[in-house]
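Morning, everyone. I have one structure to walk through today. Please bring it up on your screens.

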Amino acid sequence: GVAWAAAVAGMAVDRERGQIRARLDKVGGGAYATRVQLGEGTLLAVYVAAQATSTSSLTTLGKLLVLVDGASLGLVLALLALTTCTNLASSIVAAVKLNQATFIPMASCGSLVLNQATGLLLWGDGRTVRSWLSYAGVHILILLGTYELSSADLCEHIRQRRSRAAETSLS
């Protein structure tokens, strides 16, 4: 719930800042706009979080549909509608703003990890796991395979951050 709220808030901040940027471009020639804009890494994190939490929430809410009735069913249906809108909105905006070769694999990894955590913590999937080593190994292989298919380069990202940190400390 907290991660979902943070992701929605991040999307709202990005949207608002985008509107501010558009207004500033019209008024001041865009000189201030670059300071208001969120970085690509921050955007990627926000939209991956929105996509992963909403996808995982949709799975959980879908399971709850058959377990509740009455007022609880109405609440689940309302949450399902809200979560579906969040999922759809984050997909559409991410398709326009982000490199899909990076976003889609990262969102898939985020969804996998959250679904795994939800299954273990909420649905009691741990009771059916016969080999924790195999369970963890399969998930790690899926995450590594998805990373390998993406355009993300974690090693290069770490090198760049270290280089920037070294430059900053020398200045």
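Predicted model: local features only at pLDDT ≥ 70, side-chain atom pairs only at ≥ 80, totals over all residues.

Is the crossing of α3 and α4 left-handed or right-handed?

The chain has seven helices and zero strands. Along the sequence, the pattern reads α-α-α-α-α-α-α. Of the 171 residues in the chain, 27% are buried.

Now the helix pair. Two packed helices are described by the angle between their axes and the distance between the axes. Here, the axes of α3 and α4, the latter covering residues 71-97, come within 9 Å. They cross at roughly 150°. Over 145 degrees counts as roughly antiparallel, so α3 and α4 are roughly antiparallel to each other. And the answer on handedness: the α3 and α4 crossing is left-handed. What is the contact of α3 with α4 made of, by class? There are 13 nonpolar residues, 10 polar and one charged.

Rolling a probe the size of a water molecule over the atoms shows where empty space is left. The largest pocket holds about 500 Å³ of space. It is lined by 19 residues. Closest to the centre of the pocket are L44, T102, M106, A152 and H157.

Which helices each supply at least two residues of that lining? Four to look at: α3 at 40-65, α5 at 100-121, α6 at 132-149 and α7 at 154-170. By class, the lining of the largest pocket has eight nonpolar, eight polar and three charged residues.

That's my tour. Over to you.

How values were computed
Residues numbered from 1 in each chain as written. Heavy atoms only, no water. 1 Å grid on protein atoms, 1.4 Å probe; cavity = no way out; pocket = protein on both sides within 12 Å on 5 of 7 lines; lining within 4 Å. Points joined across faces, edges and corners; volume = space filled by probe spheres on them. Nonpolar A, V, L, I, M, F, W, Y, C, P; charged D, E, K, R; others polar. Axes fitted to C-alpha atoms, helices over the stretch in contact; angles between N-to-C directions. Parallel < 35°, antiparallel > 145°, perpendicular 65-115°, else oblique. Left-handed = near helix turned anticlockwise from the far one by under 90°. Buried < 20%, exposed > 50% of the residue type's maximum accessible area, 1.4 Å probe, protein only.
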